[in-house]
Structures are given as structure tokens and as C-alpha cells.
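Morning, everyone. Please look at the model on the screen, and I will walk you through a few parts.

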Amino acid sequence: MIRLNDIEVRFGDFTALRDINIHVEEGQFYTFLGPSGCGKTTTLRTITGFIEPAKGTVIVKGKDITHVPVERRNIGMVFQNYALFPTMSVYENIAFGLRVKKVNKTDIDRRVKEMAQKVDLTEQQLMRKVAELSGGQQQRVAIARALVNNPEIICLDEPLSNLDAKLRVQLREELKEMQSRFGITTVYVTHDQEEALTLSDCIAVFNKGFIEQIGTPNEIYSQSKTEFVCNFIGDINRLKEDFIRQIAQKTGRGLDPAKATYVRLERIHVNDGARPNAASFEARVAGREYFGLYIKYQLEVGSQTLKCIVKNDGASYFQVNDKVTVAIDPDDLMVY
Amino acid sequence: MKKIVALILALVFVLSMSALADAATGADVKGTGVELTIYTNSGSSGRADWLKERAAQDGYNLTIVEEGAGAVQQRLINEGEATPCDVVFGLNAIIWNDLIARDILVAIDAPSWADEVSEGLNDPNGYYYAIVKQAILLAYDSNQLSPEEAPKDWPDLWEKEEFWTKYESQIKLTGGTTRNVLAGILTRYVDPDGELGISEEGWNAIGEFFAHGTPVEDGVDLYAQMVNENSPVLIGQMWSSGADQYDQQYGVKTGYAVPEVGVPYAVEGVAIVKTTKHFDEAQRFVEWFGSAQIQGEWSEQFKTMPANELAAEKAPASQIEMCSIPAQDIDWALVAANIDAWCEKIMLEYMQ
Amino acid sequence: MQAKLPLKVRLKRMTPRQMALFGVLACVFIWFIMACMVLPILNLLKTVFFEGGTLSLDSFQKLFKSPRAMKALTNSFILAPTLSITVGFVGISLVLITEYFDIKGSAILRLGYMTTLIYGGVTLVSGYKFIYSDNGVLTNLMSSVFPNMDKTWFTGYWAVLFVMTFSCTSNHMIFLRNAMRAVDFQTVEAARNMGASQWTILRRVVLPVLLPSLFAVTILTFITGLCAMSAPLLVGGKEFQTINPMIQQFAEMTTTSAKSLAATLSLILGLATMILLAILTAIERRGHYMSVSKVKTKIVKQKINNPVVNVLVHIYAWALFVIYVIPVVLIVLFSFSDSAHIQQRQLDFSTFSLRNYGELLSKTTAYRPFLVSIIYSALAAVIVGALVIVACRYIQKRRNSLSATALEYSLMIPWLLPSTMIALSLLLAFNQPRWYMFNKPLIATLQLLLIGYVIIKLPFTMRMTKAAFFSLDNALEDASKNLGASGLYTFRRVIFPVLLPTVMAIAALNFNGLLTDYDLSVFLHHPANPTLGVKIKSLTEEMGNSSDGVALTFVYAVLMMIISAIVLYLVYGRGGKDNIKE
């Protein structure tokens with residue numbers, strides 16, 4: 001559906017993107033993930049046409065659209081701050097794209113109302129000024145405005161970042177539900193790894209203008225290809241050289257202590273019985289954070305601090321200074 | 001044969017008609033309705049409206065553009081050949097001579113009333129003819145100064161300490177009255193070898209004149225200062241028709257100096273612009289406008305002093321008296337050629 | 001953030017229609033800038049400095065030798081910076097009083113402070129003289145207490161500074177107030193939460209946000225100070241005359257040498273203006289203090305906590321109100337009186353009549369100039385607004401490109417010369433056929449004055465409109481294009497409506513400013529259609545005119561105040577309400 005081939009984008013002397021190659025399949029929910037300034041929005045804007053790459057091609061459905069102007073691409077977009085037109089009513093905002101296409105009045109009216117219903121906007125809300133709506137409502141207007149034109153692709157640029165946590169989660173679900181309902185190919189930009197993991201079919205992790213890794217959420221999370229990815233996604237423990245040596249000793253695996261070695265929090269097993277391939281250590285509980293669903297502990301094994309989480313299943317609940325046994329399977333180590 | 005008779009008759013008719021037309025002079029010369037554009041500085045207080053209406057009665061179709069004298073002068077210079085102006089009236093001798101020097105006016109045959117105008121007011125070369133005369137006076141408030149105490153001539157102002165700060169000195173040198181006063185003073189010191197044709201003595205005199213006066217308060221006229229007890233000003237320049245108006249308005253009585261050398265006269269005249277496309281109608285208008293009849297009506301209406309002596313009786317007595325002061329002998333062409341340079345020098349070097 | 005492409009590439013991508021539009025607009029702008037500004041000004045400089053083919057710098061010598069010219073120049077350069085400070089102070093106070101602090105009766109105060117928007121120049125200064133000059137209301141009051149005081153105290157530098165300080169706050173009342181409304185109130189709350197005092201909040205949080213607008217209006221004040229005209233003439237007295245009246249007098253003389261003096265003095269002022277603009281632009285480049293917050297909250301008027309300060313501020317606010325309003329009231333009252341009483345500043349109700357109003361409204365020659373001025377001013381305000389919007393759009397899209405910078409600076413050219421000189425340059429250029437004006441002389445045509453009006457309002461309009469453009473959210477345009485709208489459609493339907501309130505406010509200011517113009521009109525007006533300014537001036541021309549002219553000028557002034565007030569209400573009053581809704 002969308003192919004970016006060897007895209008390079010420059011702003012003056014600064015190269016913002018280099019060697020970007022992405023393939024988005026039809027109907028996919030594709031996420032660009034990365035810290036701010038990593039190039040994910042720039043890539044999105046290259047797809048929508050706000051930015052023309054210095055090199056490379058943008059291909060949509062086999063057609064090269066690298067130099068097609070924005071207004072002729074029919075790729076929907078939802079902006080970070082929604083970019084609703086302040087001088088128009090909600091209705092006019094949604095109808096804007098249809099008016100541009102000179103759709104006849106009755107059709108416009110029907111489609112706007114249908115769309116409004118789909119995104120849960122009432123008729124009264126349609127007649128309001130956009131400034132009078134709440135953040136969540138504005139976001140829905142922005143989505144409706146993009147979808148009413150029946151685009152084959154929709155691009156969303158951090159559409160949830162302005163909302164409070166609860167609304168964010170709620171709209172995230174709505175978004176996913178809508179996407180699957182409409183079946184639209186979706187390109188989604190976010191810096192929130194949780195959002196990326198829950199929504200996406202496929203994720204591209206960006207860093208400093210490069211793509212670090214492309215893969216399914218599980219691949220990204222569990223088989224992070226680079227040190228950057230494993231650090232950026234989720235919480236993680238970096239192991240000290242001495243500790244790595246001990247694991248190697250205990251398991252007989254050939255581990256190189258000079259290499260950066262990580263283990264995810266949930267792969268550290270606490271008082272979990274014997275594990276044949278794992279290395280076990282005595283550890284002291286140094287601190288804990290209570291999350292309800294789970295508890296996050298800070299453990300000390302000599303000079304190595306390990307963070308780990310334990311499901312709050314009622315079986316085990318440790319106090320600070322308790323002694324526990326931790327087990328780490330060398331297969332769970334990520335080495336770079 | 002019949003044809004010839006008819007032709008002769010027609011000829012006789014035409015000739016007699018033209019003879020009749022020739023015979024008509026002054027206010028009897030009717031306009032043909034051709035539109036004339038007239039520039040003047042003497043159009044406000046209803047003058048433009050009055051003239052337009054009065055002229056319409058006699059068949060003239062006038063468009064009157066009224067502006068300050070300097071602005072009219074500038075406009076004519078700048079518009080050059082493109083000017084829509086046919087006739088100019090008002091202004092003063094300095095500007096008239098400048099316009100003549102710039103070849104903007106056309107000399108015309110003397111209108112029938114030219115001889116009725118006081119001597120020396122019409123342009124000797126026929127470029128403009130006088131209609132109204134204004135004596136430029138050294139005026140004072142006679143309630144506060146007796147004729148004995150009052151200055152007798154302009155030099156008294158700076159030569160006698162008693163008048164210092166009691167007279168107004170101008171801050172803008174573009175006005176007609178001001179320029180006539182300056183011309184009246186400076187031309188007493190003409191010296192072809194001096195700077196800008198004026199001797200050093202003359203420049204010193206001007207310097208003293210400006211040094212000892214009280215500068216004009218912009219927007220406030222001389223008479224307001226005279227009656228203002230907070231202002232030292234009692235003396236200043238005034239044009240003759242203004243004196244009466246201000247007397248009435250402020251309840252004062254204008255006294256004026258009668259210098260031995262006479263006073264400058266600002267001659268309001270009428271002239272035809274060289275580039276006019278309606279020369280014949282313009283000429284008819286000049287003939288009509290300057291006539292004793294029309295000038296008399298004008299004088300009656302606006303209390304001015306006509307240059308036309310036959311109309312003079314219609315003028316108020318006070319005007320007749322003021323305008324009986326002899327005219328100062330001034331070389332207007334010299335003034336016209338130099339006044340801007342003089343003013344420039346005064347502005348840079350002498351003004352306060 | 002748009003990656004820039006070379007013009008060549010852009011042209012290639014355009015549709016034929018876009019190309020045609022671009023071509024036509026480019027031609028129009030290049031022609032207009034060259035034919036109406038650059039070439040006439042060069043021609044003027046050539047005429048005055050190269051008479052007879054050789055460069056003549058006599059005028060510099062003459063001026064440097066003239067103590068009067070040097071003093072006037074010094075005075076102008078003293079006035080401009082000091083005025084910038086005093087006007088800045090008063091301007092900020094007005095904004096704080098009307099928009100920030102909780103002051104009793106602020107709605108009425110605001111109306112009072114806005115009076116400078118409806119009158120100016122000689123009328124305004126006369127209004128102040130009715131109060132402070134000898135025989136003025138206040139002077140009489142004071143002299144009854146101190147009989148020995150000098151009744152002519154209101155003259156010189158301090159008088160000029162005083163009058164101009166209160167008369168030059170118009171831009172503050174519009175643009176600085178808008179900036180104040182844009183302050184994110186959450187920042188104030190945050191500062192308070194961190195324990196900042198009201199004074200600290202004002203100084204460290206609120207005022208910094210106003211700074212960019214303050215810079216912009218200060219530039220305007222500085223230029224106004226440099227070009228001061230009526231105030232020094234009317235209350236400057238012997239010791240405080242400035243340069244612009246001199247320029248005007250020299251320009252009105254017919255000799256080249258006088259005109260070269262005018263041009264030289266103008267160039268000195270122009271140079272100062274240019275330096276100032278360069279400094280401002282540099283400061284501006286350092287960055288905007290735009291609000292970064294996504295969810296702004298509207299300002300809530302702050303009650304002053306310290307009771308003593310509160311009372312003092314109230315007294316100050318109402319004292320300012322009195323200073324602003326009394327001149328207007330007196331002008332209206334005196335317009336019913338006669339010339340003699342006006343000039344003696346004696347308010348005598350027995351002299352009141354409607355005679356002057358009757359005379360003015362019944363005669364065509366008296367009210368025709370009104371129509372002429374209204375039509376010209378409205379046309380010019382619309383044209384200049386349209387030109388500048390197109391230019392700003394181009395500058396916005398091609399930010400930092402050479403052509404955009406060139407365009408921006410070209411439209412600032414008129415600030416380099418006083419309007420008298422601009423008029424003169426047009427006059428000298430177009431009193432003969434010029435190839436760049438299609439070989440048609442423009443003298444004595446209706447369009448000449450219109451060109452002049454448009455030109456002198458370009459820089460102000462440019463600065464203010466550009467500010468509005470640059471505070472636009474770029475995402476709006478992206479969104480519209482993304483929905484398939486062409487650039488033109490986007491501009492028409494999305495961008496222009498957002499800008500409209502600002503554009504209208506600027507147009508109203510331009511209209512009001514041009515309504516009374518004299519400097520340009522006197523040189524450029526069509527002979528049969530003199531403007532109001534010319535008409536009014538001719539009323540007080542000396543010889544041969546009625547001595548009642550002064551009274552008529554007051555009637556004109558009052559009628560103009562009414563028109564200006566109506567225009568402001570229609571445009572700004574309603575625009576203002578819209579702003580509040582946002």
C-alpha cells in the first residue's frame with residue numbers, strides 16, 4: 001500500500017531523515033515510534049506530502065506520488081493539535097473536504113451527519129464553534145474531518161498527546177475499534193511505547209533520523225534489535241560485568257561481560273521455584289512500588305541492582321530487607 | 001443672383017452680429033457654457049460659491065479649485081502642461097511674477113476695464129490684470145498703543161527697544177502676507193554685489209527683526225494675541241481686508257503705520273494659463289470678472305478693495321482709506337526670482 | 001518546517017492557472033514597487049542632488065552651518081527616544097488598567113483611553129491647549145491659587161512630550177491590548193502558586209509575553225517622535241522646534257535648493273529609521289515569546305491586593321481618563337463657538353450656535369471634500385490591505401528566501417521618507433510621461449492621490465499584518481491542504497477568516513489616519529476634488545479669507561471624530577467581541 005524507498009530529507013544543512021525504507025500493508029495499523037526529534041513526524045509528513053524528500057520515492061498503491069502536491073493525495077491526516085479551523089463550526093470543519101471536492105449539498109449533509117454519528121458527535125455539537133468543545137470532542141471532530149473524505153490512508157500525528165490519561169486510554173480503544181471497523185490503512189505517530197504496543201500491527205522505531213527496527217510489537221519488545229530499542233521500549237535492567245560473569249559461571253554459558261547486556265523486568269523470577277537453565281541468586285529487597293495490578297521491587301545482588309515485577313496474586317508480597325531468590329534465564333538476556 | 005444676395009445678407013448679418021459682440025464689454029460679455037477650471041486662493045468664506053452662482057447667471061460654467069496661494073503656485077508649476085486649469089485669480093505679485101518667469105501664463109490683450117485699474121497694478125506685459133488690492137500693513141492694537149507710541153515703519157520694530165517682543169515674528173515663511181512683508185523690508189537693501197542681491201546691512205536688519213519678535217503661536221492669529229493679556233504681542237502684519245474683519249470679531253480697533261516709503265500691495269489678479277484649451281471663453285470670463293460691475297458686487301459682498309477704481313466706491317470706507325497709502329516701490333520680478341532663496345536663508349540662519 | 005525548493009522546481013510543478021496567477025502577481029508587485037516607489041524616489045534624489053549633472057552637497061553644508069537646523073535635529077533626536085519611554089510607560093499602564101487589573105469602571109476607562117484613535121494632529125494639540133495653555137481651564141484654576149505663576153508655562157520640550165505622550169498610545173490600545181489578551185492565564189496562576197508576588201508576576205511573567213508587541217509599537221512611537229509636527233509647532237515655543245515642520249516648509253518652496261534641504265533632512269530621519277528597523281528585526285529574529293501552551297485560559301482580572309496601591313492605581317487610572325477625555329469634550333464644546341473665542345480659549349456659552357454646522361452641511365463645496373476623503377481613504381485602506389496580505393502570504397510561504405526579504409524591505413521603503421517627500425517624489429516623477437507609467441503623466445488625475453495614500457500606509461500595514469500572519473498556526477494550512485484544498489482555496493476559506501479581525505482593525509486605523517491627511521493631499525489631489533485636509537487648511541489660510549475659518553476647522557474636526565468613531569465601532573468594536581469569544 002505505502003512504500004517509502006531510501007527516503008532522505010534535509011532541512012538546510014541538517015539531514016533529518018536518512019535511508020528510510022518502510023512498507024505499509026493494506027489495512028495495517030502501522031506505528032512510527034521514537035523520542036521527540038527522531039524523525040517520525042517528518043516521515044509522516046513526507047507521506048502526506050508536506051515535505052518533499054531530497055532523495056527516494058514515496059509509492060502508494062504502486063504509484064509514485066513523491067512529487068504529487070498535498071492536496072491531490074487524498075491521504076487523511078489528524079494533527080497533533082487537531083488544527084481545527086477556529087472560524088468555522090464543527091459541521092463546517094467536517095464538511096470542508098467535501099466542499100473542496102464540490103460534492104453536492106445534500107450528499108455533504110448526509111455524509112457529515114453519518115460521520116458525526118460514527119464518532120459520537122451530537123447534532124447540537126455539530127453547530128457549535130470548535131473552541132466550545134472539550135479536548136476529546138475536538139479530537140473526534142479532527143478524526144471525523146479526516147475520515148469523511150473516505151481516504152484510503154489515514155495518518156495520525158500524536159493525536160492523543162493532548163488528552164488526560166483516562167481519556168487517552170479510552171480514545172485509544174475507540175481508535176483501534178474504528179480502524180478495524182473502517183479497515184483503513186493507518187499510519188500512527190507516537191512517542192508513547194504503550195500506545196504503540198497496544199495499537200499496532202507493525203512498529204517502526206526511529207532514532208536520530210534512522211529506523212532502528214521494524215517489526216510486530218512482540219518482536220520489538222522481546223527481540224529488540226538494538227540497544228536503543230530495548231532501552232526505549234519498556235523498563236529494563238542493565239547488568240554489570242561482574243554480574244554477567246556470575247551468570248556465565250552458574251549456567252556455563254559463554255557470555256561476554258564486555259558487551260552491553262540487558263534483562264527485562266518481567267523475566268526476573270522471584271522465589272519461583274527451581275528453573276533448570278536459570279542462574280539463581282540470593283537477593284535483598286531494597287525498595288518497592290505498589291501498582292495494584294503488580295508490585296515493582298528493587299532488589300540488590302551484591303552491587304547489582306535489579307528491578308523486577310511480581311504479579312499481585314496474593315501468594316507473595318515482600319517487605320523491604322526480605323531475602324529472596326531470583327532466577328535469570330540466560331536465554332532472556334539481550335546482548336548488544 | 002439670389003444666392004449672392006443671400007450670401008451678402010448672411011455676411012452682413014454675421015458681421016453685424018460680431019460687431020455687436022465686439023461692442024459688448026465688461027459684465028455684458030456672456031459665457032457660452034464651456035466649462036472653465038479656475039484655480040484660486042480666494043475662494044473660501046463662500047466666495048467660490050458666490051462666484052460660481054453669479055457667473056452661472058451670465059452663462060459661465062465654472063469649476064473652482066480653492067487652495068492656499070502657495071499650493072496654487074506649486075500646483076501650476078508641477079502640473080505643467082497637464083494642468084486642467086484655464087484661469088487663475090487671486091495670488092499676489094510675487095507669485096504672479098514667478099509664474100510669468102516659468103512661462104505658465106499667457107499674455108493677453110488688455111481687457112476693456114484694464115484702464116480703470118489703479119496705475120501700476122496690472123502687469124505691464126499683459127500677463128495678469130489686477131482685481132483686488134490688499135495693503136500689507138504694520139498693524140497694532142490702537143486700544144493699547146496710541147498713534148504717537150506706535151511704530152511708524154517696519155525698521156522701528158527692531159531699532160527701537162520699546163517694541164521688542166511686542167511684535168510677532170513668523171515661524172512659517174510660505175504665506176503670502178509674510179512674503180510681502182519680507183519683500184518690503186529686504187528690497188530696501190538691494191545690492192547686486194550682496195548675498196542673494198541684498199546688502200549685508202539688509203541681512204543684519206532681517207536678523208534683528210527675527211531676533212526681537214515673539215514667534216507666532218501656530219494656529220492662533222495676531223488679534224487673539226493682542227487681546228490676550230498673557231501675551232506681550234500688540235503689533236504684527238495684517239492685510240487690509242482682514243483688519244476690518246478682525247476688528248469686528250475681537251472688538252478691537254486696528255491702527256496701522258503709514259511709512260514714508262509706502263506699503264507693499266498684494267495684488268490679487270486674474271490671468272489665463274498658457275495651456276488652456278478654452279482660450280476664448282477664458283478671455284470672455286476675464287473681461288466679465290474684472291469689470292467694474294462684477295468687482296463692485298464682489299467688493300460689496302466680501303468687503304475687499306477693488307483694484308478697479310470705478311468699483312472702488314462700493315468698497316467700505318475703511319478699506320478705501322487703508323488702500324490710499326502709497327504703494328512701496330518694489331521690483332517684483334527681483335522678489336519673485338529670489339524670495340525662496342531669501343526665505344531659505346532666513347529659515348536657516350535668522351529664524352528663532 | 002516545509003523543506004524549501006528552488007523557485008525553478010516550484011514553477012515547474014504549478015498548474016497553468018497557478019503559474020498565470022503567480023506571474024501576474026509577481027509582475028504587479030515588481031512594477032508597483034519600482035514604478036511607484038523606487039524610481040520616483042531615485043528621481044527625486046537625482047533632481048535635488050544632481051542638478052545640472054553634478055553631485056551637489058551644498059545642502060549638507062548649509063544645514064551644518066545653521067544653528068537652527070542643528071537644534072531642530074537635536075530636538076527631534078531627543079524627543080524620539082524620550083517619547084518612546086514615556087509612551088511605553090503610559091501605553092503599558094493603559095493596557096494593564098483595561099485588561100489586567102481589576103479596576104472599577106474599566107469599560108468607561110477604556111472608551112476614554114481610545115479617544116486618540118479618532119482624532120489627532122492640530123485638533124488634538126488644540127484640545128490640550130484649551131486646558132494647559134494660558135487661559136486654559138487648568139491654568140486659570142492654578143493661577144487663582146498661585147496668582148504669581150507664569151501662565152504661559154505650557155510650552156517647550158516638556159509640553160511637547162506631555163501632549164505626545166498621551167496622543168501616541170493608539171497602537172498600544174489596539175496591538176498591545178491584543179497581546180495582553182493572548183497571555184496564557186495559567187502561567188499567571190502557576191507563578192502565583194509558586195509564591196510570586198503580583199509585582200513579580202507582572203514583571204517576570206506577563207510583561208515578557210508582551211515584549212514583541214511592545215517592540216513593534218515602540219518602533220512606531222519612535223518614528224512618530226522623529227517626525228513630530230503639530231505638537232512642537234503648537235506648544236514647542238521658541239526653544240523646542242523639530243525637524244519635520246522645517247522639511248515641510250522647504251518642500252513647499254519652489255526652488256531646487258530648498259527641496260534639496262528638505263531631502264537632506266529627510267534622509268537623516270530616514271537613516272535613523274532604517275537603523276532602528278534593522279535593530280528591531282535583529283531582536284525579532286532572536287525569537288518569539290509565543291505562548292507554548294496548548295490549552296490557554298482567558299485572563300481573569302487581577303485585584304490588587306495591597307489596599308494602598310489599589311487606591312493609588314485607581315486614582316492614576318481615572319487621572320489618565322481625565323487627561324484623555326477633557327480635550328475631546330472641549331473640542332466638541334468649542335466647535336459651537338466662534339473663532340475669536342476659540343483662539344482666546346474662552347468658553348462662553350452665550351457664543352454657542354449651530355451656525356457653523358449649518359453652513360458646513362448645507363453647502364456642497366463644504367461637504368464634498370468629506371465624500372472625497374472618505375472614498376479615497378476607504379479605497380486606499382482596502383487596496384493597501386489587499387496588497388499587504390498577498391505580500392505577507394508570499395513572505396510567509398517563502399520565509400527567509402531572498403525574494404521574500406526583498407519584498408518585505410521594499411514595502412518598508414515609505415518609512416524612509418516623510419510623507420511630504422513621498423508626495424514630492426510622486427509629483428516630480430509623474431508630472432511628465434514616464435515609460436514605467438505607460439507614458440502617461442498622472443498629474444491632475446484621480447489615481448495619483450490614491451497611489452500616494454496606498455504607499456504611505458504600506459509599512460505600518462505590513463508590520464502589523466505580518467505579525468498576525470506569523471502567529472498563525474501552520475497546522476491549519478496543512479490540514480486544509482491535506483483535505484484537498486488548493487492554496488488559494490485554503491487562503492480564502494481558512495487563513496483569511498482567521499486573520500480578518502486584525503486585517504479589519506488595521507484597515508480602520510488606516511482609514512482614520514488618511515481621512516485628515518494634508519501632507520500628501522496638498523501635492524497630489526485632483527484639482528476638482530480637494531480632500532478634507534486641503535479644505536481645512538484653506539480655511540485658515542491667511543489672506544482674503546474669513547476670519548471664522550478656525551471655528552469651521554473645529555466643526556470639521558468634530559464631524560471627523562464622529563466618522564472615525566463609527567468606523568472603529570463597526571470594525572473594531574465587533575472584532576473585539578469576537579476576540580473575547582476566542
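In chain B, the domain assignment, which is automatic or from a database, gives domain 1 (34–134 + 265–322) and domain 2 (135–264 + 329–350). This is a predicted model: local features need pLDDT of at least 70, side-chain atom pairs count only at pLDDT 80 or more, and totals for chains, interfaces and linings use all residues. Residues are numbered from 1 along each chain as its sequence is written, while chains are lettered from A and ligands numbered from 1 in the order in which they are written.

Back to chain B. Taken over C-alpha atoms, the centres of domain 1 and domain 2 of chain B are 26 Å apart. 18 residues of domain 1 of chain B are in contact (C-beta atoms, placed from the backbone, within 7 Å) with 23 residues of domain 2 of chain B. On the domain 1 side, H4(B) gives the most, with five residues. Helices here are DSSP runs of H or I, at least four residues, numbered from the N terminus.

Now between chains. Which chains share the most contacts? Of the two pairs in contact, chains B and C do. Chains A and B do not touch; their nearest C-alpha atoms are 49 Å apart. Chain A puts 27 residues in contact with 21 residues of chain C.

Last, helix H20 (residues 419–430) of chain C. Eleven of its twelve residues are buried, meaning 20 or more other C-beta atoms, placed from the backbone, lie within 10 Å of a residue's own. Among them are C:Met421, C:Leu424 and C:Phe430.

Key:
Helices (H or I, at least four residues) and strands (E, at least two) are DSSP runs, numbered from the N terminus.
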